[in-house]
Amino acid sequence: MTSRYRSAGAAQDPGSLAPRRRTVVKAAAASAVLAGPLAAALPARAATGAPAFLHGVASGDPLPDGVLLWTRVTPVPEAIPGSGLGPDTEVGWVVARDKALTDVVAKGSVTATAASDHTVKADVRGLAPATDYWFRFSAGGTDSPVARTRTAPAADADVASLRFGVVSCANWEAGYFSAYRHLAARADLDAWLHLGDYIYEYRSGEYGARGKVVRPHAPANEILTLADYRIRHAKYKTDPDLQALHLKAPVIAIWDDHEFADNAWPGGAVNHTEGAEGTWAARQAAAKQAYFEWMPVRPALAGTTYRRLRFGRLADLSLLDLRSFRSQQASTASGSVDDPDRTLTGRAQLDWLKAGLKTSDTRWRLVGNSVMISPFAIGSLSADLLKPLAKLLGLPQEGIALNTDQWDGYTDDRRELLAHLRANAVTNTVFLTGDIHMAWANDVPVDAGTYPLSPSAATEFVVTSVTSDNLDDIVKVPEGTVSAVAAPVIKAANRHVHWVDTDRHGYGVLDITAERAQMDYYVLSDRTDPGARSTWARSYRTRSGTQKVERTYDPV
């Protein structure tokens, strides 16, 4: 077994950006759903009645001694996702030290049932830290593909380096998931981070690529019910590039709003009409159930995604849930962004995060963060740019200079967290963020209004969208046109922003050593091309002890 670690550990703690909504959406009838694209797309083997693994296999949440394995079996042709049909089916699994599965270290079986949409998970323990393993599922004489996974380093291991793919915002109808294909082609990832919007909830045609559907998703209606959410997750899991990446490395995922509905909070969402689309409580429960069925994620307290993983002495990763506990986004009706009674994290999660950052004994403290924590003032953008930017961020069209769905809308939580970092001399905190459909490299200042005189408490790397519309797409101009104008204005109004690319789609590769944490930003040639090329665009790093971002001129 080869390893990039000197030794390699994870301890687990429990713990928008789309078009504005029309008034009412009508869901398709259940019979139409069951006769839809997924049923028609069953391959011949499934149609003959033999069990089939149509949705790939995956692993996630690596620990020093284990990893969570996932698959979905189609036991009979009629047992399509969301149908509630199909018999209980025994699914065997095997884990080995070699790809040929001859050196077996663990095996077992689980039962797939209609109650869990025939998805199964195996939380395998007893494995060695910092080790590559291969695994496979089997059912009724049918084998799944063989996948690679990797355990985390031992908690006290002296780890030389870590490398993660970083992605966010993958809208099926807006293009192909070439970012996943390019990450899958790498042989150097310890894991990959998905920072939210793994799926999108819209009806077909509502949110494509510059208004056009590149490829239709399923179901065609906006997803509202448990069956709907299951079918949408299933459709995404048929993507060959996504399947390929799940075959190559474990994923570490959190949710954002579109796993539920646009700009979700515990009491509702922009993209939800109470009554006409059922109750928000029922829809939210359905979305959470489907997510945990279809994702290789261990639920934390109260069925949330906040939890902590550790990677030796080099880094720990605090993963946030910024949808389950937040107050409603600020507006004239719901209060000021500075109201101390409003929260983004919820009290328990914020206390958990603060305690974890303070007591951490690793070199780096990473935070998986679904919405941008760095303050953002729009500045003096021209009207033709201000209006589409406001639309992208979900701001009032008159142009309030902040995004109330981000930490900017919950300034008391941010102020408390950053003051905590400063008061306790917590260094080397790096926020890893998605959501905003742009790439950013930021310092996180204690007081943005006086920066750079005000200190920086942390740094932040934000990755752009895999496919979802960004600013040039909304304006419908050639790529790079908007960024050339908007980026200098944004940087002038936000002196803590070292770089912003408003226009391109892509992904990041985060490389961590004791000396620095570096994000390499990659961009795609054309999200609507299934063979899109990937090109390195920029790299930024933060050196240990500085709490500042700086440009570096070569990828790792």
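Which ring does the charged end of R215 sit over, and how far is the charged end from the ring's centre? The first legend below has the answer. This is a predicted model, in which local features need pLDDT of at least 70, side-chain atom pairs count only at pLDDT 80 or more, and totals for chains, interfaces and linings use all residues. Residues are numbered from 1 along each chain as its sequence is written, and side-chain values use heavy atoms, with hydrogens and water left out.

View 1. The charged end of R215 sits over the ring of W172, 3.7 Å from the ring centre. Here a charge sits over a ring if NZ of Lys or CZ of Arg is within 6 Å of the ring centre and within 35 degrees of the ring normal. R215 also lies over the face of F177, at 4.7 Å from that ring's centre. Look next for D239, whose side chain meets that of R215 in a salt bridge (2.8 Å, N to O). D239 lies in the loop between α5 (226-236) and α6 (240-248), and R215 in the loop between β10 (191-194) and α5, so this pair ties together parts that are 24 residues apart in sequence. Both D239 and R215 are buried. A salt bridge is a side-chain nitrogen of Lys or Arg within 4 Å of a carboxyl oxygen of Asp or Glu. Buried means under 20% relative accessible area, exposed over 50%, and partly exposed in between (1.4 Å probe, protein chains only). Helices (H or I, at least four residues) and strands (E, at least two) are DSSP runs, numbered from the N terminus.

View 2. W172, F177, Y180, W192 and Y236 form one aromatic cluster. Leaving aside neighbours within four places in sequence, F177 is in contact (heavy atoms within 4.5 Å) with residues including W172, R215, Y236 and D239.

**View 3. Helix α5 and its covered residues.** Of the 11 residues in α5, 9 are buried, leaving the helix mostly covered. Among these buried residues are D228, R230, R232, H233 and K235, along with Y236.

**View 4. Salt bridges across the chain.** The whole structure holds 35 salt bridges. One of them joins the side chains of D123 and R298 (2.8 Å, N to O). D123 lies in strand β5 (residues 119-124) and R298 in the loop between α7 (280-294) and β12 (307-311), so the pair ties together parts that are 175 residues apart in sequence. At 37% relative accessibility D123 counts as partly exposed, whereas R298, at 6%, counts as buried. In another bridge, the side chains of R310 and D361 meet (2.6 Å, N to O). R310 is buried at 14% relative accessibility, and D361 is partly exposed at 48%. Elsewhere, R163, R186, D188, D511 and R516 are linked in a network of salt bridges.

**View 5. Two aromatic pairs.** A search of the whole structure finds 20 aromatic pairs. F135 and F137 form an edge-to-face pair, 6.1 Å centre to centre with 90° between the planes, and both are buried. Y306 and W352 form a tilted pair, with 4.9 Å between centres and 55° between the planes. Y306 lies in the loop between α7 and β12 and W352 in helix α8, so the pair ties together parts that are 46 residues apart in sequence. Rings of Phe, Tyr and Trp (its six-membered ring) pair if their centres lie within 6.5 Å; planes under 30 degrees apart count as stacked, over 60 as edge-to-face and the rest as tilted.

**View 6. I490 in helix α12.** I490 has its place in helix α12 (residues 481-493) and is buried, with a relative accessible area of 0%. I490 touches F376, W440, V500 and T502, not counting residues up to four places away in sequence. I378 and I490 are 112 residues apart in sequence and 6.2 Å apart in space, C-alpha to C-alpha.
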